Amino acid sequence: MSTAVSTSAHEVTPELQAKIERLDALLDSIAARHANVKLASSLAAEDMLLTHAILSRGVKIGVFSLNTGRLHAETLGMLDRVRERYGYEIEQFHPLADAVEEYVAEHGLNAFYESVDLRKRCCEIRKVEPLNRALAGVSAWVTGQRREQSVTRAELHEEEQDSARGIAKFNPLADWTEADVWTYLRAFDVPVNPLHARGYPSIGCEPCTRAVRPGEDSRAGRWWWESRDTKECGLHISSVSAIPVVEVSSEMSSISQPN
């Protein structure tokens, strides 16, 4: 079933409607191809778009989030808003307490400011290891990444093979623009993180995220003390290879979902 455009003052252009229909068909196709597939949600704009596209239509794709222990209160509040809107409890994965305690004891609570290596080690403990647990046993995962977001994502493919984990990886919004995302969110009245209205287009852990300045790209506020080409946490830089896109049509939205 394809998403019907709600009546809204925010006009959905024919071009965006075509993207929406293709997104719905792609999500249906992913669920039909993979009996166990999950969306990794940061609870930010793109992932809330995908959460709505999945939960509002009953697509058999699970949703989980990484609770790093350093998230903004506003981000954690999105868990309640999803529960209230969709009646769905997003699964949370936390870092291992022993690993966090060891890092803090050896390097300090905010040692990630001191070097890229220490920042990546913190991300590995708080995000990458929990992600690996979240994806254990699944055959595919879905992300809200877009090519437009940063130079590190410019070559992003819609479908990839995550060879490090031996599973498929899908980026259904790869060719969506920021304007596309926000038009969709407004048109369907999707809950959004209030930090976005305060100048945070990309939201991560609280001490590693700031509001962006005029003219900066959407991920400039992430690890702002580092150079642009190091700004990934490790969640999306495992060995991946592109898979040729299989064209899906809106008719595929009628595919029966596996139980």
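Which residues in helix 2 are buried?

1. **What this is.** This is a predicted model, where local features need pLDDT of at least 70, side-chain atom pairs count only at pLDDT 80 or more, and totals for chains, interfaces and linings use all residues. Residues are numbered from 1 along each chain as its sequence is written, and side-chain values use heavy atoms, with hydrogens and water left out.

2. **Helix 2, covered.** Here is the reply to the opening question. In helix 2, the buried residues are Ala45, Glu46, Asp47, Met48, Leu49, Leu50, Thr51, His52, Ala53, Ile54 and Leu55. That is 11 of its 11 residues. Buried means under 20% relative accessible area; exposed is over 50%, and partly exposed lies in between (1.4 Å probe, protein chains only). Helices (H or I, at least four residues) and strands (E, at least two) are DSSP runs, numbered from the N terminus. The cover includes helix 1 (14-33), strand 1 (37-41), strand 2 (62-66), helix 3, strand 4 (140-142) and helix 6.

3. **Helix 2 on helix 3.** Two packed helices are described by the angle between their axes and the distance between the axes. Helix 2 (residues 45-55) and helix 3 (residues 73-86) pack at about 25°, with axes 12 Å apart. Axes are lines fitted to C-alpha atoms, for helices over the stretch in contact, and angles run from 0 to 180 degrees between N-to-C directions. The two helices are therefore roughly parallel. (Under 35 degrees counts as roughly parallel, over 145 as roughly antiparallel, 65 to 115 as roughly perpendicular, and the rest as oblique.) Met48, His52 and Leu55 in helix 2 meet Met78, Val82, Arg85 and Tyr86 in helix 3. Contact means heavy atoms within 4.5 Å.

4. **Helix 4 on helix 5.** The axes of helix 4 (residues 97-107) and helix 5 (residues 116-134) come within 9 Å and cross at roughly 160°. Helix 4 and helix 5 are therefore roughly antiparallel. On the helix 4 side, Ala99, Val100, Tyr103 and His107 take part; Leu118, Arg121, Cys122, Ile125 and Arg126 meet them from helix 5.

5. **Thr209, in a loop.** Where is Thr209 found? Thr209 sits in the loop between helix 6 (178-187) and strand 7 (240-242). Thr209 is buried, at a relative accessible area of 5%. A polar atom of the Thr209 side chain lies 3.1 Å from the backbone nitrogen of Gly204. Not counting residues up to four places away in sequence, Thr209 touches His72, Tyr200, Ser202, Ile203, Gly204, Gly221, Arg222 and Trp224.

Notes
Polar contact = N/O pair within 3.5 Å; in protein donor to acceptor, adjacent residues only side chain to side chain.
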